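Here is a quick tour for someone meeting this molecule for the first time. Have a look at the sequence and the fold before reading on.

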Amino acid sequence: MKHRSERVQQSSSKIRVSLCASVAFQSAKFRRRLLSWYRRHGRDLPWRRTKDAYAILVSEFMLQQTQVATVIPYYHKWLRTFPDFASLARASENEVLRAWQGLGYYARARNLHAAAKTVMDRHAGDFPRGIEQMRQLPGIGKYTAHAVASFAFDQSVPIIEANTGRVLARLFNLRKSIDSHPGRRMLWQHAARLLSKSDAATFNSALLDLGALICVARKPKCDVCPVKALCRAKNPAALPVRNSRRETKQLIEMHALIVRRGRILLEQSRHRWREMWILPPLDVDCSKQSRFQGQPVYESVFPFTHHRVTLSVYRRAAPKRIAPGQRWFGSIEEVAMPLPHRRAAQSLIQTLVER
Ligand code: SF4
């Protein structure tokens, strides 16, 4: 006669088997529906027409925190300027930052540049195929490594980013915060469970598109969702759960417009836009701002992470001697400048020319 503990073990393993079978069945059904929808409605994106690891890596770096529509022209131009790891590795930092200008978050450009140099130095120009080797490269985390492994090398690995994370959190009605370690771990597990053994690239692209086109952040289009029958979300719009977001802070930054004999004075940034050229910052005590001399000749507002920054530019006379890190420029065309400062400089130069 079997002991009670043996019987309990047997019945719990039966439950596990049947649960796994049901999950496997649901996964297969999910894949069928998703892929059938993707064949009709998937996006035709330029980086989906290549298996070149370099081109796919460039697209992945650009797509971090930037919309697809913004990325497309930059992606084409970048590949014309730097067609492979070798050309990017040879470029100067100024050339790289200049080509990235307008995409923001310049750390991505610096990391891509550093990754290209490492690929040339340590891998003889061949992008490594192993996920762990990829993750040794600057700026490449789990998501980017999995994306390149899947899209360039057809490895059967899942991807979790904003779109796929949102879809899975809703599909499985995940109540844990997706910013938390357990929440992220569950997302990766769900993604791995749904993944097909073959053609994971198509599956991952389809999941991305479902998130981008149907299971969108604010008003998910559940009525036309191809996987609605399998979705467990009770209140989709309330998912995914996130840790409370940091409040947006207001910042005022004051800079100088200094021109002399048709040239403009710029300063190499040591902080936010490291190594890029900006209008020289004015050293101001914020508590005395109201008594600051004169009116700004230019003002604009731009977002930066969780800040809303007001850029105020004041006309100043040319100094007798310029400070270390400053330089006169006859033209800013080829100079790597962050977009808010380039716009300010261009607009002010134009005004001076028109006078
Ligand atoms: S049914 Fe709605 S919430 Fe569920 S996956 Fe589809 S769009 Fe997203």
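This is a predicted model: local features need pLDDT of at least 70, side-chain atom pairs count only at pLDDT 80 or more; totals for chains, interfaces and linings use all residues.

Residues are numbered from 1 along each chain as its sequence is written, and side-chain values use heavy atoms, with hydrogens and water left out.

The chain has twelve helices and seven strands (DSSP runs: H or I of at least four residues for helices, E of at least two for strands, numbered from the N terminus). Of its 355 residues, 44% are buried (under 20% relative accessible area; exposed is over 50%, partly exposed in between, with a 1.4 Å probe and protein chains only).

There are nine salt bridges in the structure, each a side-chain nitrogen of Lys or Arg within 4 Å of a carboxyl oxygen of Asp or Glu. Here are some of them:

| Pair | N to O distance |
|---|---|
| D44 and R49 | 3.1 Å |
| R110 and E93 | 3.8 Å |
| E333 and R98 | 3.8 Å |

D44 and R49 are both exposed. R110, by contrast, counts as buried because its relative accessibility is 12%, while E93 comes out partly exposed because its value is 29%.

And which parts of the chain does the pair E333 and R98 link? E333 sits in the loop between β7 (326-329) and α12 (339-354), and R98 in helix α5, 235 residues apart. E333 is partly exposed, at 45% relative accessibility.
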